[in-house]
Each structure stands twice: as C-alpha cells, then as structure tokens.
Amino acid sequence: DKSLVWFRRDLRVLDHAALYQALAGSRQVFCVFVFDKDILNLLPRQDRRVEFIHACATELDVELRKFGGGLIVRHASAAQEIPALAAALGVNAVFANRDYEPQAIERDLAVATRLKADGRAFVDFKDQVIFEKDEVTSQSGKPYSVFTPYKNAWLKKLALLADSGSDSPLHSYFIDSFGARLAPCGAAAMPSLSELGFEKTNLESLHIPTGISGARKLLDDFLSRIDAYDVTRDYPSLKGPSYLSTHLRFGTISIRYLVKFAYDIVRMKNSPGASVWLSELIWRDFYFMILHAHPYVAERAFKPAYDQICWESGAAAEKLFAAWCEGKTGYPLVDAAMAQLNTTGYMHNRLRMIAACFLIKDLGIDWRWGERYFSEKLNDFDMAANNGGWQWAASSGCDAQPYFRIFNPVTQSIKFDPEGKFIRRYLPQLGKLSNKTIHAPWLAPSSELRAAGIELGNDYPAPLVLHEAARERTLARYAVVKAAS
Ligand code: FAD
C-alpha cells in the first residue's frame, strides 16, 4: 500500500490522473521526476526546454510540499532509476500517465517488466488526451485517417459523455481529500541547471511564463481573446493564439481542463473563436491517435506512395537546407518565421505551415529534415503534432488535401502579414520597404531598395529559388505519387 508516482510530461498537481489514483488507493505516496539521461544526453548544452522543465519541476516540488509531500528528483536513466527507486522505497506499484511516443512506450514496457520481476506493478492511466486511439473509431472499428469525420465522431462522443459524472472524459481529479497521504521528502534537492550539464539560454529574457502558475497566467490572458481566435489566429503579428503549447507538452495544465473550458464556452454562447480553438485541441488528440495507431509515421509517409518521391540530395540540398534553417531564403515571411523559431523556440502556426511547405515544395527537401530541425528547436516539440504537421505540409499525411496544393510564399505573406508587421519585427533590415514590396524585395524597384539601404545579396539574400519554377519542379517530383496510386 505504498506507491510511487512517476511524473513525466505531466508536471502539475491538480487534475493529474496517476497522482489521484495513487492517492486514492495507497496509504503513502512518493513522487519522483527523473531528468532522464537517455533523453538529455542527446540534446545540445543550451536547450530552452530543459530550462523550462527545470522551472516547472521546481514549482511542482513547491506545490507538492503544500500538501506535506515533495518531489524526489533524480538525474539518471529513467528506465533503470525507476525500478531501483521503487525497490529502495519498498513501494508496491509505480503509477504514471500514459505516453504514446514509440520510444516512451518501449521505455515504459522495459520499466514495467523490471518492476514485475521484483513483484511490483506498473499502473498507467489516460491523462494526456481526451480520447485514446481505440475510443474514437470509424463504424468498422478502425482508426480514422481523415480529420473531419474524426472530429465529428469525437464531438459526438464527448456530447454523450460530458455530463456523465465520474465517467466523463472531462472529469477532473481533485486530490485535496487525500493530500495528507503524500510522503514527505526532506529538504528540496533540485539539481541546478549546470549540475545537469546545461547552460542558461535566453528563456528568461523571453518572459515565457513557466510552471503551473505560468500556464494559468496564459489561460487567463487568453480568456479575454478566445472569442476572436477564429480570426486573429491566422495573423502572426497579432496576439491571437493561446501560447499554451509548451505547457500542454509538459503537462503544467491538464487537457481535460482546457477542453472543458472551451466546451463550456461553446455550449454557453455562440463563440466561433472557442469552437475553432476546441477544434485545434481535437487536432492534438487526432495526431496522438495517428502516432499511437501507426507508429511507422515517425519514419515513413503515412500514405506509402509518398515514400517514392525523390528529394533533392547532396551538397546542393545541404546548402539549401542550411539557408532555410538560418532564415536566409530571400523570402521575407519564411525568413522571419525561421528567425522567430531560432530566437524564441516558438513559431506561429500559420508560419509553421508556410515555412514547412516552402522547404518541401519550393526547395524540394525531404520533409523529415525539416521535422528534425523543428524537433531540435521548438519549445513545444511534440513528436505526434510535429510529425502530423510536417506530413500535412508534405501532403503525405492523413489530410484530405490534394498533393498539388502548393502554398505561394509571397501571396501567403500578402494575405497574412499585409503590412509586413511581423516581417519588420524579425527582419529589421527590411524595415524601410513599403507594405507592397516587403513581401518580395527582389521585385522592388532598385531606387526603392537603395533608399531603404538594402543591397540584395548583401544586406538581405536574393531568393534561393523562384517560386513558379520551383512549383513546376515539385509537380514533376510528385508525379510519382499519382503514378503509384
Ligand atoms: P493555439 O492556436 O492556442 O492552439 C491550442 C493548442 O491546440 C496548442 O497549444 C496545441 O496543443 C493544439 N494544436 C493547435 N494546432 C494544432 C495542430 N495543427 N496539431 C496538433 N495540435 C494542435 N504543435 C505542437 O504542440 N508541437 C509541435 O511540435 C508542433 N509542430 C508543428 C509542425 C508543423 C509543421 C505544423 C504545421 C504545426 C505544428 N504544431 C505543433 C501545431 C501548431 O502549430 C502548434 O500547436 C501551435 O502553433 C502552438 O501555439 P499555441 O499554443 O499558441 O496554439
């Protein structure tokens, strides 16, 4: 009747399925977070996410202490440390919330096997999603492969269950009545960032609120804007979205709480903003479901025919890719987007779509290269959403989008950043160009460029490719898909 709760991507106390279940069923509950060497050793020594997690774990410890408990913190290989700690504490079971990434599933299986060999249980719970892969399926019981029918079935199921008390997928887990069962854990022993082998990044100067309190702050702020979300979310220069993705990634706020929040607004009043935002949260569940049901997508195209595509390769491709990574493509909105990613670890959703499409369909680079770069840079990197987003952009994913839809980076720029406000924020060297020419400086009259103090190729790159010609190459490249299907 002693148990250990293993916190992973769920760094909160309130509405935490595993913590609640452990407290409900055990006399004494220990809590642990492992800075997992199997993951951390692969990262660069400066990584905003490690700093973010560090701040969140510190706050989690404070919150657990309010209930008389505390967080045991380890810097080790989690797969080895968890069974060892469970044995040292003499617990009967380890409780955790389920993770759907292939490597995490493998790790959890290894941990469960070792625990079992010692006569201990590994008990896991749904917590990260509203519905797991087998809960929303087509009539034939198969996972959906297109979003809209999935979303309709998801909403139907939610409507059916939302008011069913403790069976509701939106039911929250309150621990107040059990708090006293948390095992005290002595003085705080949080290793410093440098003890973990990491250096400080610019996270502090970005004023990204961290921890449970940070998530709450962002949600409160978004509350005043949610009704306009359906319109504002598309313009990167506006404060449109919630900026909660990193918090959802590390679980400082529960998805149940957010869905309930949006769902209640939708039910209470006509709010297109809340209903579109709810839809984005359903995309999140959708991509978790896709990755869980089809783990091969982590390496290959969801639609196998797209694996036939022959991408650019060799030194020329490396050069194009490096220019894209550095935000030196010569297309201002793409470059501003990459500058946002490189300097803050965030990129606006519209820009993720534009930058990804540009890499794949203007530069002819394998979507997996971009996916990897985003995975290294995004604060909110999540394998399921990132892979889904990249496969969407490559048209190889589970969307109904036809393969020949190719974003035009200039028209997208004119449409979604009409006054070039976002571009000017990240590319101040283009600041003096007019609203008309800022989207494609190579088309600006030379007198305007001179007056703006810009020499193309020197102060700002000439375009790497011309979109029309690139578009033709892409149509030819993608022709193998048509031939194969
Ligand atoms: P909001 O607009 O406020 O949306 C609320 C929440 O809904 C987000 O926090 C996120 O959890 C979820 N969400 C929104 N859009 C999507 C989507 N298309 N797919 C899945 N979930 C969504 N999102 C990530 O969380 N991690 C990633 O690694 C990631 N990589 C992406 C890569 C590409 C190429 C693309 C096109 C999209 C990617 N997204 C990713 C989805 C989306 O861009 C981000 O979730 C969003 O920009 C985060 O900002 P926000 O929290 O302000 O979003």
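Between which domains does the ligand lie, and why?

Tutor: This is a predicted model, and its domain assignment gives domain 1 (2-127), domain 2 (129-171 + 212-293) and domain 3 (304-484). The ligand lies between domain 2 and domain 3, because both of these domains give residues to the shell around the ligand. That shell holds 28 residues, and the closest of them to the ligand are P241, S242, S245, N386 and G389. Two or more residues of the shell come from each of helix 10 (245-250), helix 12 (272-293), helix 15 (349-362) and helix 17 (383-393), and helix 17 provides the largest share, which is six residues. Sorted by class, the residues of the shell comprise 15 nonpolar, six polar and seven charged ones.

The C-alpha centres of domain 2 and domain 3 are 28 Å apart, and the contact draws on 16 residues from domain 2 and 19 residues from domain 3. On the side of domain 2 that touches domain 3, helix 10 and helix 12 each supply at least two residues, with helix 12 giving the most, five residues. This side of domain 2 is made up of nine nonpolar, four polar and three charged residues.

Technical notes: Residues are numbered from 1 along each chain as its sequence is written. This is a predicted model: local features need pLDDT of at least 70, side-chain atom pairs count only at pLDDT 80 or more; totals for chains, interfaces and linings use all residues. A residue is near a molecule or strand if its C-beta atom, placed from the backbone, lies within 6 Å of it. Helices (H or I, at least four residues) and strands (E, at least two) are DSSP runs, numbered from the N terminus. Ala, Val, Leu, Ile, Met, Phe, Trp, Tyr, Cys and Pro count as nonpolar, Asp, Glu, Lys and Arg as charged, and the others, Gly among them, as polar. Domain bounds come from an automatic or database domain assignment. Two residues are in contact if their C-beta atoms, placed from the backbone, lie within 7 Å.
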